[in-house]
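Visitor: I have a structure open and would like to go through it with you. Could we begin with how the elements are labelled?

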Amino acid sequence: MARNSEILAISLMMMAVLGVIRASDPDPLQDFCVADLEAGITVNGYSCRDPQTVTAEDFSFSGLAVAANLAGNPVDAAPTFGFVKDWPALNALGLSLVRLDLNPGGVIMPHTHNLATEILFVLEGEIYTGFVANSDNPQHPNKLFAKVVKKGEAFIFPRGLLHFQLNNGTVPAASINVLNSQNPGIQLMSISLFGTGIDSKVLEKSFFLPPDSVANISAVLSQFVDIFH
């Protein structure tokens, strides 16, 4: 009886491990599930439209064909999203797309996607990009993995890690990025910290800044909470 209990315990642990290492989103139970955006979100995405009403047009998306308009953009860069709200056919398929456009000197602020791994493919120009790995040893700093990625090259950002993009070149740059979740989540670090109303004392102590510096930074960044929306 004890032996059977051990086997059961091991089996349950293996099932838990396999569940963790699966793809970010759960596997679909049908060929497709084009989202009914009017129905709202359920546990793992949107309800499906009636398959009889779906056409080939639902599986086509042209939203990334045109570069973003960067006129007046304070960071000289912007994403164009191909998430499930933009392309309902992605519902339940575990994928999203993003186009990044960066003028020379433009930056996509350091950010994370807690629900997805991301691959960047450079369409035009070159992009300095990278991520910061977690550290499991308090005595050792987090490690940066970064390089200039040129046209036709790709770079991968592991799930949940802080990453960024910068156009250090002299011509506009663009990339197409693929994420393995229909809802990858996004958290812009600077805005999340300084633009959301965190008590200034937390930021003063954490960044060794005087109160007036925190106030100035917060005042600026609070204006850009919806910068990428």
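Guide: Helices (H or I, at least four residues) and strands (E, at least two) are DSSP runs, numbered from the N terminus. Please note that this is a predicted model.

Visitor: Good. What follows H3?

Guide: H3 is followed by Phe 208, whose phi is positive, near 55°.

Visitor: And which residue caps the N-terminal end of that helix?

Guide: Asp 199 caps helix H3, which spans residues 200-207. A side-chain oxygen of Asp 199 lies 2.9 Å from the backbone nitrogen of Lys 201.

Visitor: Changing topic: how many salt bridges does the structure hold?

Guide: There are three salt bridges. In one of them, the side chains of Asp 58 and Arg 49 meet at 2.9 Å, N to O.

Visitor: Is Asp 58 buried or exposed?

Guide: Asp 58 counts as buried because its relative accessible area is 19%, and the cut-off for buried is under 20%.

Visitor: Which residue does Arg 99 pair with?

Guide: Arg 99 forms a salt bridge with Asp 101, with the closest N and O atoms 3.0 Å apart. Both Arg 99 and Asp 101 are buried.

Visitor: What about Glu 124?

Guide: Glu 124 forms a salt bridge with Lys 151, at 3.5 Å between the closest N and O atoms. This pair links distant parts of the chain, 27 residues apart: Glu 124 belongs to strand E6, whereas Lys 151 sits in the loop between strand E8 and strand E9. Glu 124 is partly exposed, at 42% relative accessibility, and Lys 151 is exposed, at 54%.

Visitor: Which residues lie nearest its centre?

Guide: Of the 14 lining residues, Val 98, Leu 100, His 111, His 113 and Ile 186 lie nearest the centre of the largest cavity. Strands E3, E4, E5 and E11 each give two or more residues to that lining. The lining divides into nine nonpolar residues, four polar and one charged.

Visitor: I also noticed His 163. Where is it found?

Guide: His 163 is found in strand E10, residues 162-166, and is buried, with a relative accessible area of 1%. The side chain of His 163 makes a polar contact with the side chain of Glu 118, at 2.9 Å. Leaving aside neighbours within four places in sequence, His 163 is in contact with several residues, including His 111, His 113 and Phe 157.

Notes: Residues numbered from 1 in each chain as written. Predicted model: local features only at pLDDT ≥ 70, side-chain atom pairs only at ≥ 80, totals over all residues. Heavy atoms only, no water. Buried < 20%, exposed > 50% of the residue type's maximum accessible area, 1.4 Å probe, protein only. Polar contact = N/O pair within 3.5 Å; in protein donor to acceptor, adjacent residues only side chain to side chain. Contact = heavy atoms within 4.5 Å. 1 Å grid on protein atoms, 1.4 Å probe; cavity = no way out; pocket = protein on both sides within 12 Å on 5 of 7 lines; lining within 4 Å. Nonpolar A, V, L, I, M, F, W, Y, C, P; charged D, E, K, R; others polar. Salt bridge = Lys/Arg side-chain N within 4 Å of Asp/Glu carboxyl O.
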